[in-house]
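This briefing is intended for a reader who is new to the structure shown below.

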Amino acid sequence: MTEAKKTSWFYRLIKFWVKFFSPKYEINGIENVPEGGCVIVGNHCHMYGPIAAELYAPGLHYTWCAGEMMNSADVADYAYRDFWSGKPAAVRWFYRMLSYLITPLAVCIFNNANTIGVYHDARIIGTFRETAEKLAAGANVVIFPERDVRYNNVVYEFQDKFIDIARTYRQKEGKDLAFVPMYVSPGLKRIIYGKPSYYDPKAPGKTERKRVSRELMESITQMAASLPVHTVIPYPNMAGKYYPQSLPLEYYDEKTES
């Protein structure tokens, strides 16, 4: 069984205060999370998704994070490019400076939290290997795979290569891997887990990536629609006045029928 790693006192202090000030979530659908290790796939909703996962995901769990946020030499460039490069030109200097100031804090947080570094080069092989090892040891792995392409009013499209973990896992363990959808609503203080999707190793990889990815996005959308109408925190950074509203289930039922 994988054991939780030792963490610095400073990280534990940060985690205490983050939990103190973060929303206290009501958890629903926990029965949909199978025992023995699974991949939990959620909506990012800025920092709220990863924080909710770190604090509330069931059992021992590890979260995929950008490997650049774990390395002091890479944090500033990555943070500025990914978080703040879209800010108005007049204030970009401030966010560029901020990207350097947060570097020590980011390195502390992302190296002490239960994370698995993700890279977009040959090092991704190591990411998959480590992920399969954690799953095989019975831990859950949390992934927020949205990219900056709108899917609907709840989620942005998923980068679907992460689904190939199922092949690595099956080769290692000889078992099918469950992908459990998770919807995080900070405004309603709710986290919902939906019914898992399973990868079919006999089907073409590209076909399965698309199918499982779509099932997960649709399930997250349905979970959001099952809640009272609320403000959705989207994947991209944007002014709060542009945040979308969820739509009721009736909207999707009518759309299916038409």
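In this predicted model, a nonpolar surface patch of about 930 Å² is formed by Trp9, Phe10, Leu13, Phe16, Trp17, Phe20, Phe21 and Leu105. Helix α1 (residues 9-21) provides the largest share of the patch, with seven residues.

- Leu13, one of the patch residues, is located in helix α1.
- The relative accessible area of Leu13 is 40%, and the residue is therefore classed as partly exposed.

**Nonpolar cores**

- The largest nonpolar core has 36 residues, and those that touch the most other members are Trp64, Phe162, Ile165, Leu177, Phe179 and Tyr183.
- At least two residues of this core are supplied by each of β2 (39-42), β3, β4 (115-118), α6, β5, α7, β8 and α8 (205-226).
- Helix α8 makes the greatest contribution to this core, namely seven residues.
- Another core, of 19 residues, lies apart from this one; Cys45, Val142, Tyr193 and Ile233 are among its members.

**Helix α7**

- In helix α7 (residues 165-173), the buried residues are Ile165, Ala166 and Tyr169.
- These residues lie on the same side of α7, because they span an arc of only 95° around the axis.
- The elements covering the buried residues of α7 include β3 (61-66), α6 (124-136), β5 (140-143) and β8 (178-185).
- Leaving aside residues up to four places away in sequence, Ile165 is in contact with Trp64, Phe128, Thr131, Leu135, Ile143 and Leu177.
- Gly174 follows α7 and has a positive phi, near 70°.

- His46, in the loop between β2 and α2 (48-56), is not a glycine, yet its phi is positive, near 55°.
- With a relative accessibility of 17%, His46 counts as buried.
- Lys189, in the loop between β8 and β9 (190-193), likewise is not a glycine and has a positive phi of about 55°.
- Lys189 counts as partly exposed, at 44% relative accessibility.

**Salt bridges**

- Ten salt bridges are present in the structure.
- One of them joins the side chains of Lys15 and Glu54, with an N to O distance of 3.5 Å.
- Lys15 is partly exposed at 32% relative accessibility, whereas Glu54 is buried with a relative accessible area of 16%.
- Asp176 and Arg170 form a salt bridge through their side chains, at 2.7 Å from N to O.
- Both partners count as partly exposed: Asp176 has a relative accessibility of 43%, and Arg170 has one of 34%.
- The side chains of Glu215 and Arg211 also meet in a salt bridge, with an N to O distance of 2.7 Å.
- Glu215 and Arg211 are four residues apart in helix α8, so about one helical turn separates them.
- Glu215 is partly exposed, with a relative accessible area of 33%, and Arg211 is partly exposed at 30% relative accessibility.
- Asp160, Asp164 and Arg209 are connected in a salt-bridge network.

Methods. Residues are numbered from 1 along each chain as its sequence is written. This is a predicted model: local features need pLDDT of at least 70, side-chain atom pairs count only at pLDDT 80 or more; totals for chains, interfaces and linings use all residues. Side-chain values use heavy atoms; hydrogens and water are left out. Buried means under 20% relative accessible area, exposed over 50%, partly exposed in between (1.4 Å probe, protein chains only). The arc is that of the directions from the helix axis to the C-beta atoms. Contact means heavy atoms within 4.5 Å. Patches are made of residues with over 30% relative accessible area and no salt bridge: like charges are joined within 9 Å, nonpolar side chains (Val, Leu, Ile, Met, Phe, Trp, Tyr) within 5 Å. Accessible areas come from the Shrake-Rupley method with a 1.4 Å probe; for residues, only the protein chains shown count as cover. A salt bridge is a side-chain nitrogen of Lys or Arg within 4 Å of a carboxyl oxygen of Asp or Glu. A nonpolar core is a set of buried Ala, Val, Leu, Ile, Met, Phe, Trp, Tyr and Cys residues joined through side-chain atoms within 4.5 Å.
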